[in-house]
Amino acid sequence: MNKVIQFLTDNPTFYLATVDGDAPRVRPFGFVMNYKDKMYFCTSNQKNVYKQLKANPQFEVSTTSKTGEWLRLRGKAVFDTNKETKQAALDSAPFLSSMYSVDDPNFEVFYIENAEAKFYNRTGISETINF
């Protein structure tokens with residue numbers, strides 16, 4: 001899992017895909033953290049991404065590096081929003097403080113469960129990590 005988080009941190013704009021009915025939806029994300037040995041993301045419960053993950057928690061993340069390697073990560077979103085996880089997110093990424101606070105009822109934190117990460121290079125899959 002740490003290798004995946006490092007790749008996402010090194011390539012800080014990554015794309016999270018959800019399902020909206022029968023159509024895919026993709027948007028840029030930029031926050032990831034390791035907290036209690038789980039990979040966490042965050043969003044606002046006022047956004048469509050939140051509503052889509054609540055309706056169907058399966059999602060994928062993808063990004064590419066400047067050197068041409070890329071990552072495809074998939075799994076299930078499990079919301080774990082409480083003051084402790086919110087504070088951990090704010091501590092991990094101070095830029096979030098301009099958008100959220102621990103007491104913000106719109107601030108949602110979730111981790112990925114049953115994750116499968118596949119690293120690719122120009123010749124195909126180079127590594128698969130499950131966590």
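Does Lys36 count as buried or exposed, and at what relative accessibility? At 57% relative accessibility, Lys36 counts as exposed, where buried means under 20% relative accessible area, exposed over 50%, and partly exposed in between (1.4 Å probe, protein chains only). The structure is a predicted model, in which local features need pLDDT of at least 70 and side-chain atom pairs count only at pLDDT 80 or more, while totals for chains, interfaces and linings use all residues. Residues are numbered from 1 along each chain as its sequence is written, and side-chain values use heavy atoms, with hydrogens and water left out.

The secondary structure of the protein chain consists of three helices and eight strands, taken as DSSP runs numbered from the N terminus (helices H or I, at least four residues; strands E, at least two). Read from the N terminus, the order of elements is α-β-β-β-β-α-β-β-α-β-β. The radius of gyration of the protein chain is 14 Å, close to the 14 Å given by the globule rule for 131 residues, so the chain is as compact as a globular protein of that length. This radius is taken over C-alpha atoms, and the globule rule is 2.2 Å times the number of residues to the power 0.38. Along the principal axes, the C-alpha atoms fill a box of roughly 45 × 35 × 25 Å.

Of the 131 residues of the protein chain, 45% count as buried. The accessible surface comes to about 7,100 Å², of which 48% belongs to carbon and sulfur atoms; the areas come from the Shrake-Rupley method with a 1.4 Å probe, and for residues only the protein chains shown count as cover. Among contacts with a separation of 6 or more, 62% are accounted for by residues 24 or more positions apart, a contact being heavy atoms within 4.5 Å.

Side chains of opposite charge can pair when their charged atoms come close. Six salt bridges are found in a search of the whole structure, each defined by a side-chain nitrogen of Lys or Arg within 4 Å of a carboxyl oxygen of Asp or Glu. One of them joins Glu84 to Lys36, with the closest N and O atoms 2.4 Å apart. This pair links distant parts of the chain, 48 residues apart: Glu84 belongs to helix H3 (residues 83-92), and Lys36 to the loop between strand S3 (33-35) and strand S4 (38-44). Glu84 is partly exposed at 44% relative accessibility. Lys36 also has a positive phi of about 55 degrees, although it is not a glycine.

A further salt bridge is formed by the side chains of Glu116 and Arg74 (2.9 Å, N to O). Glu116 lies in strand S7 (residues 107-121) and Arg74 in strand S6 (residues 70-79), so this pair ties together parts 42 residues apart in sequence. Arg74 counts as partly exposed, at 42% relative accessibility. Strand S7 also holds Asn114, which has a positive phi of about 55 degrees although it is not a glycine. Asn114 is exposed, with 61% relative accessibility. The side chains of Asp20 and Arg25 likewise meet in a salt bridge (3.6 Å, N to O). Asp20 is partly exposed at 36% relative accessible area, and Arg25 is partly exposed at 37%.

Twelve aromatic pairs are found across the whole structure. Rings of Phe, Tyr and Trp (its six-membered ring) pair if their centres lie within 6.5 Å, with planes under 30 degrees apart counted as stacked, over 60 as edge-to-face and the rest as tilted. The ring centres of Tyr50 and Phe79 are 5.1 Å apart and their planes stand at 75 degrees, so this pair is edge-to-face. Tyr50 lies in helix H2 (residues 48-55) and Phe79 in strand S6, so the pair ties together parts 29 residues apart in sequence. Tyr50 is buried at 16% relative accessibility, whereas Phe79 is partly exposed at 21%. Ring pairs link Phe14, Phe29, Phe41, Tyr50, Phe59, Phe79 and Phe110 into a cluster.

Charged side chains also lie over aromatic rings, as defined by NZ of Lys or CZ of Arg within 6 Å of the ring centre and within 35 degrees of the ring normal. Lys38 lies over the face of Tyr111, at 4.2 Å from the ring centre, and Lys3 over the face of Phe119, at 5.0 Å.
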